[in-house]
Number of protein chains: 2
Amino acid sequence: MNYPYARRVSLLKSSDIRELLKVTENRDVISFGGGLPAPELFPLEEIKAISALVLEEEGFEALQYSTTEGYGPLRQWIADRMNKTQGTAFEKDDILITNGSQQALDLTGKVFLDEGDVVLCESPTYLAAISAFKAYCCAFEEIPTDEEGMIPEALDTALANTPKAKLIYVVPNFQNPSGRTWSLLRRKMLYEIAAKYQVVIIEDNPYGELRFEGEDILSIKSFDETGSVLCLGTFSKTFCPGYRIGWVAGERQVIEKYVQAKQGADLQCNTLSQREIARYLEVYDIDKHIAKIKETYRHRRNLAIRTMEEFFPAGVRFTRPQGGLFLWVELPDHVNARDVLVESMKQDVVFVPGGSFFPNGGNENTMRINFSNMPDDRLVSGLRILGKVLSASI
Amino acid sequence: MNYPYARRVSLLKSSDIRELLKVTENRDVISFGGGLPAPELFPLEEIKAISALVLEEEGFEALQYSTTEGYGPLRQWIADRMNKTQGTAFEKDDILITNGSQQALDLTGKVFLDEGDVVLCESPTYLAAISAFKAYCCAFEEIPTDEEGMIPEALDTALANTPKAKLIYVVPNFQNPSGRTWSLLRRKMLYEIAAKYQVVIIEDNPYGELRFEGEDILSIKSFDETGSVLCLGTFSKTFCPGYRIGWVAGERQVIEKYVQAKQGADLQCNTLSQREIARYLEVYDIDKHIAKIKETYRHRRNLAIRTMEEFFPAGVRFTRPQGGLFLWVELPDHVNARDVLVESMKQDVVFVPGGSFFPNGGNENTMRINFSNMPDDRLVSGLRILGKVLSASI
């Protein structure tokens, strides 16, 4: 049959990188490609205990349907946590639980984007946000971005010239893919410029809890007086991703629209997983757990940077992120990271070429390196191989 | 701020029934309103055992990210099961795991529906399918339907006159809300008419495993020679709904589009839940478990029907479903079921007025009664009260 797909389907192509990497699926490759947290840091023993506890004490409720909004005590914890760490003033009912923050991105598209609307984003920006928004047939305007965040004048000019601008999407802490963290001043200026043009800000913060050095910086939401900022969060990096529990937090009237959209999308999140996380947070000290994650990732970042400094050739620049899972590499202009990948794959080392993180293309001389999910010896030997391949490519 | 919502948001209103029922939230009402399975039938002890087993034996994998397509052994089980019970010929890779079958409905909209496309459906049809599809700004054409399914001539005429028809959505077994089961002949005719017009059929089968009497009837998919039928299924009614695990099965090239859509929507389903269900299916006998559910629901259906025959006034008709969770009540034309609900709420008995199940409105003289989730004494006393209210209303 000749399937009568919706127009948007032609935009939903599987990434060519994903196809390329399929070749290596059954081989023992050293992968800097994914964004996987380190599984040895999952609180497995604690999860065994709380899983048994929840099934014992609230089994029937935990297996039944529940509300679209999500489990009350979990929503309350999230509000309290954000208020404590991010300078916000959320209440329980300002929070909707989602299937990872990825679903919050999809619901954002559903609630805000008509065909032809424009999403303004950092350059580069998070790949899966591009996929989520693209399904709503929007266009992207990449705003020039330096080490401190979007350049305010460039954002102002873009907004002045883009009447269909609907959303500004940013990851202000340890961004995926660049590792960049926005300065306090830039956060404030972003809020003010967006407010001037009545544009909604999506503040996606999957990595904010994973700061290795320096001081936490107030969220963009903390400046919000008009209700124009929505915050996305997740337990995938601080607890574990298999549960698929994230959230969106914002002005209650907007969250109600997200709730209606989620009702049609999948009714609700996994009841058992929500109750297990809530119970975990009640019984255990997540700060102690996060401290352990940070210590491990800090060590790996340091090791990665030392190794790259030693083995990457001159002319290759890379970031030194203060937290998170990723660092970002810029090669000389004439080098295409896809060609580098083809070569490094021959030696069983993979990464994601950076071009995919630019919704409007270009910037093929960039690479994203994940450093969170690898033991020291593989991290070092993988980066040494990559260094050799780069030296031969430049 | 004046939020710049997408146009579709105006279509996503929360149902007025939901609002109405909120009044009763904290009262001990007898509810025929929900579609909840009976929690006392959840295999809680078995779930305790498999949950411990999965965390012990495959904990790190079960808590990590996994593929969008879903857990291989679970997809294989679903293909085998459908082939055995529904006359299909699926392989593992024809199956995508979704967050309940509700997400399969949403992805169906995403993959097939452009604004202004038309979904043909039974009259009445499943309420949450209407919500899912509406988010893609489609129109609905209700096809006249009798006890055996859609009336073929009416469907043929509708397709001839609806150039923008994209999908035909049907629930052929123990339909929600009507309890209706399609005859074999009507299934075959539906397939043939749809094939003639090159329209996709969505065969949603959440209740098919719950037949209390009579013989299983082959699925519409079993006639499919052109790949035009997609099948939706779920573990919510045979295992438990809190896990949010359902699926869509179909031609591989179409499933690949669903996979791409799901990737942007939420990356993947809960890893742990998928592995737990797969392990449950490996270790325990789900047929034995389903037999227990069917026995209980059969008893409750019988009791409901006997009580309604005794206490509902003349002029009120209702169906006698051969399976599933629902039966359907038709009142005399001049009686509005919303008025009946307002009266019955005063006596702490609620149900869903049937008008909501007609996407184009009307039919306010109908009611949906859920009989799966209530002990005998409450079932009887609730229906007696409803009978009295009806007698006073007619």
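Which residues is B:F32 in contact with, leaving aside its neighbours within four places in sequence? I began my notes on this predicted model there, keeping in mind that local features need pLDDT of at least 70, that side-chain atom pairs count only at pLDDT 80 or more, that totals for chains, interfaces and linings use all residues, and that side-chain values use heavy atoms, with hydrogens and water left out. Residues are numbered from 1 along each chain as its sequence is written, while chains are lettered from A and ligands numbered from 1 in the order in which they are written.

**Core.** Taking contact as heavy atoms within 4.5 Å, I found B:F32 against B:V349, B:V350, B:F351, B:R368, B:I369, B:N370, B:M374, B:R378, B:L379, B:G382, B:L383 and B:L386. I then looked up the largest nonpolar core, which has 253 residues, and B:F32 is among those with the most contacts inside it, together with A:F32, A:I168, A:Y258, B:F112, B:I168 and B:Y258. Such a core is a set of buried Ala, Val, Leu, Ile, Met, Phe, Trp, Tyr and Cys residues joined through side-chain atoms within 4.5 Å; buried means under 20% relative accessible area, exposed over 50%, and partly exposed in between, with a 1.4 Å probe and protein chains only.

**The two copies.** I superposed the chains by least squares on the C-alpha atoms of residues with pLDDT of at least 70 in both, and chain A can be laid on chain B with an RMSD of 0.0 Å by a turn of 180° and a shift of 0.0 Å along the axis. The copies are thus related as by a two-fold rotation axis. I also noted that 100% of the interface residues of chain A are interface residues in chain B too, so the copies meet through the same surface.

**Backbone.** Most residues other than glycine have a negative phi, and most peptide bonds are trans. I listed what departs from this, with helices (H or I, at least four residues) and strands (E, at least two) taken as DSSP runs numbered from the N terminus. The bond joining A:S123 and A:P124 is cis, with omega about 5°, and A:P124 is found in the loop between β3 (118–122) and α5 (127–134) of chain A. In chain B the peptide bond from B:N176 to B:P177 is cis, with omega near 20°, and B:P177 is found in the loop between β7 (165–170) and α7 (184–196). A:F174 has a positive phi of about 50°; this residue sits in the loop between β7 (165–170) and α7 (184–196) of chain A and is buried at 1% relative accessibility. A:N363 has a positive phi near 55°, lies in the loop between β14 (352–353) and β15 (366–370) of chain A, and counts as partly exposed at 36% relative accessibility.

**A:S219.** I placed A:S219 in the loop between β8 (200–204) and β9 (229–234) of chain A, where its 3% relative accessibility counts as buried. Not counting residues up to four places away in sequence, A:S219 touches A:Q86, A:T88, A:R187 and A:E203. Its C-alpha atom is separated by 9.4 Å from that of A:M82, 137 residues apart along the chain.

**B:A392.** I looked up B:A392 in helix α12 (residues 376–393) of chain B, and this residue is exposed, with a relative accessible area of 69%.
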